[in-house]
Amino acid sequence: MSKIQILSVNSKIWLLTFLIGISNGYAGELNKDIIGRFDAGGIKLHIECYGSKSPSIIVHSGFNGYGSEGHWGAVIEKISQKNRICIYDRAHLGKSDKLSKANTVNDTSKQLHTLLKSVDVKPPYIMIGHSYGSYPVRAYNHLYPADVVGILLIDPSQYGQWSNRIGKWKPETEKYNKSQEADRLEELSY
Amino acid sequence: MKNIALYDLKANEKILNETNAFRDTPFVLLWAKDGIWNPGVDHGEDHKMVWNRMKNMYIKSIADMNTLSSNMKVEFSRTTEHNVHFYDPETVIEQLNYLLNQL
């Protein structure tokens with residue numbers, strides 16, 4: 001093999017490595033402006049923010065989901081070039097503190113409000129709610145309406161969805177078998 | 001699905017019933033492709049009352065989602081997957097850019 005051929009092969013290998021690096025983009029290390037566990041009012045929650053420009057975009061994950069799962073990489077990679085985007089782990093999930101009792105969407109909203117203050121991410125916010133994340137988005141918007149300037153709900157839980165599930169089983173109207181009742185109780189249990 | 005995050009689902013429903021909707025806040029409702037269930041077919045004779053109750057509640061809750069803001073639009077993603085942001089991030093990015101341009 002001539003020197004020119006060897007150089008050509010080496011160039012292709014470098015080019016390939018470079019392209020793989022680009023295509024993997026968000027799989028690599030993003031520039032995290034904020035990352036860690038911060039005070040959220042008597043509890044520490046995990047938050048990661050990328051980019052710096054306002055309005056900041058705040059991501060609410062789905063049922064039992066949490067921001068640090070890593071599902072938002074491709075969105076973060078693009079959006080953080082324009083605006084700040086933050087993911088966080090709700091209480092009792094991911095890298096955040098555990099709870100000793102049940103919590104509501106108002107608890108979640110107040111914790112997030114304190115958390116964002118702790119990390120100095122100021123309003124206005126665009127709120128994203130994926131699936132069950134639609135619940136805390138609505139509660140936050142109600143408690144702090146001046147903070148929220150845009151809302152994106154992604155394949156959301158409809159409001160009222162769980163009263164549907166809770167109201168589904170009424171012994172006075174129909175009878176159910178034991179396994180159906182067990183399923184219902186497991187879904188609602190905590 | 002196990003409720004591992006200790007959500008008080010009953011209390012949450014009551015709280016949300018008493019919240020304001022989004023008024024005129026720019027709002028995008030992005031469904032997964034084919035994400036709206038069509039409850040047109042009855043479930044046979046089993047638990048007919050339960051089925052009808054669920055069907056009617058679902059239809060109403062979907063209709064209510066379309067009235068949350070006076071400044072809203074409805075979109076569907078290119079993926080049928082529930083985790084739209086993972087399987088079709090481009091659509092999510094497009095909708096975020098739309099919201100940013102509204103401000």
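**View 1. Strand 6 of chain A beside strand 1 of chain B.** Strand 6 (residues 148-154) of chain A pairs with strand 1 of chain B in the parallel sense, over four bridges; strands here are DSSP runs of E with at least two residues, helices are runs of H or I with at least four residues, and both are numbered from the N terminus. Two strands count as paired if DSSP finds at least two bridges between them. Within strand 1 of chain B, Phe27(B) is the bridge partner of Ile151(A). This is a predicted model, in which local features need pLDDT of at least 70 and side-chain atom pairs count only at pLDDT 80 or more, while totals for chains, interfaces and linings use all residues. Residues are numbered from 1 along each chain as its sequence is written, and chains are lettered from A and ligands numbered from 1 in the order in which they are written.

**View 2. The surroundings of Leu152(A).** Apart from its neighbours within four places in sequence, Leu152(A) is in contact (C-beta atoms, placed from the backbone, within 7 Å) with Ile126(A) and Ile128(A), and also with Val28(B), Leu30(B), Gln95(B), Leu96(B) and Leu99(B).

**View 3. The side of chain B that touches chain A.** In this interface, 51 residues of chain B are in contact with 52 residues of chain A. The elements of chain B that give two or more residues to this side are helix 1 (9-17), strand 1 (27-31), helix 2, helix 3 (84-87) and helix 4, and the largest share, nine residues, comes from helix 2 of chain B.

**View 4. Confidence along chain B.** The mean pLDDT (the predictor's confidence in each residue, from 0 to 100) of chain B is 89, and 91% of its residues reach 70 or more. The model scores ipTM 0.93 and pTM 0.83.

Technical notes: Contact = placed C-beta atoms within 7 Å.
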